[in-house]
Amino acid sequence: LSMSKGEQLILLYEEAIKNLRFACIMLKKDDMTNFFKCTTKAKDVFAYLSSILDKNYEISKDLASLYAFFNSELIKALLLNKASSQFEYSSNFGAQ
């Protein structure tokens, strides 16, 4: 079975959305390992989408900005939550 480029694009968007939803669930459950995995997968999808943009279309510039924004926000979330979980771990470790 082969898919059109449009169908492949939709699957990539759905994969990113699925991983972002799971990341939110994992964050609420305080499951930082899976939060990082899901967030990284979504970030990788947006990085890939950015890398395959056809610059011959006017919309590509807007999509590149959108993907860069998503990646920037995901990186912030990863860094903030990693720092937070490391602080919490070191605080708990020191209390024992």
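Student: What should I keep in mind about the model and its numbering?
Tutor: Residues are numbered from 1 along each chain as its sequence is written, and side-chain values use heavy atoms, with hydrogens and water left out. Because the model is predicted, local features need pLDDT of at least 70 and side-chain atom pairs count only at pLDDT 80 or more, while totals for chains, interfaces and linings use all residues.

Student: How many helices and strands does the chain have?
Tutor: The secondary structure comes to 3 helices and 0 strands, where helices (H or I, at least four residues) and strands (E, at least two) are DSSP runs numbered from the N terminus. The elements therefore read α-α-α from the N terminus on.

Student: Why is the pair of F46 and Y67 called tilted?
Tutor: The structure holds 5 aromatic pairs, and rings of Phe, Tyr and Trp (its six-membered ring) pair if their centres lie within 6.5 Å, with planes under 30 degrees apart counting as stacked, over 60 as edge-to-face and the rest as tilted. The centres of F46 and Y67 are 6.2 Å apart and their planes stand at 35°, so the pair is tilted. This pair links distant parts of the chain, since F46 sits in helix α2 (residues 32–51) and Y67 in helix α3 (residues 59–95), 21 residues apart.

Student: What makes F46 and Y67 buried or exposed?
Tutor: Buried means under 20% relative accessible area, exposed over 50%, and partly exposed in between (1.4 Å probe, protein chains only). F46 has 5% relative accessibility and therefore counts as buried, and Y67, at 2%, counts as buried too.

Student: What makes the pair of F46 and F70 tilted?
Tutor: Their ring centres are 4.7 Å apart and their planes at 40°, so this pair is tilted as well. F46 in helix α2 and F70 in helix α3 are 24 residues apart, and F70, with a relative accessible area of 30%, is partly exposed. Both pairs belong to one aromatic cluster formed by Y13, F46, Y67, F69 and F70.

Student: Which classes of residue make up the lining of the largest pocket?
Tutor: The lining has 11 nonpolar, 3 polar and 2 charged residues, where Ala, Val, Leu, Ile, Met, Phe, Trp, Tyr, Cys and Pro count as nonpolar, Asp, Glu, Lys and Arg as charged, and the others, Gly among them, as polar. The largest share of this lining, 6 residues, comes from α1.
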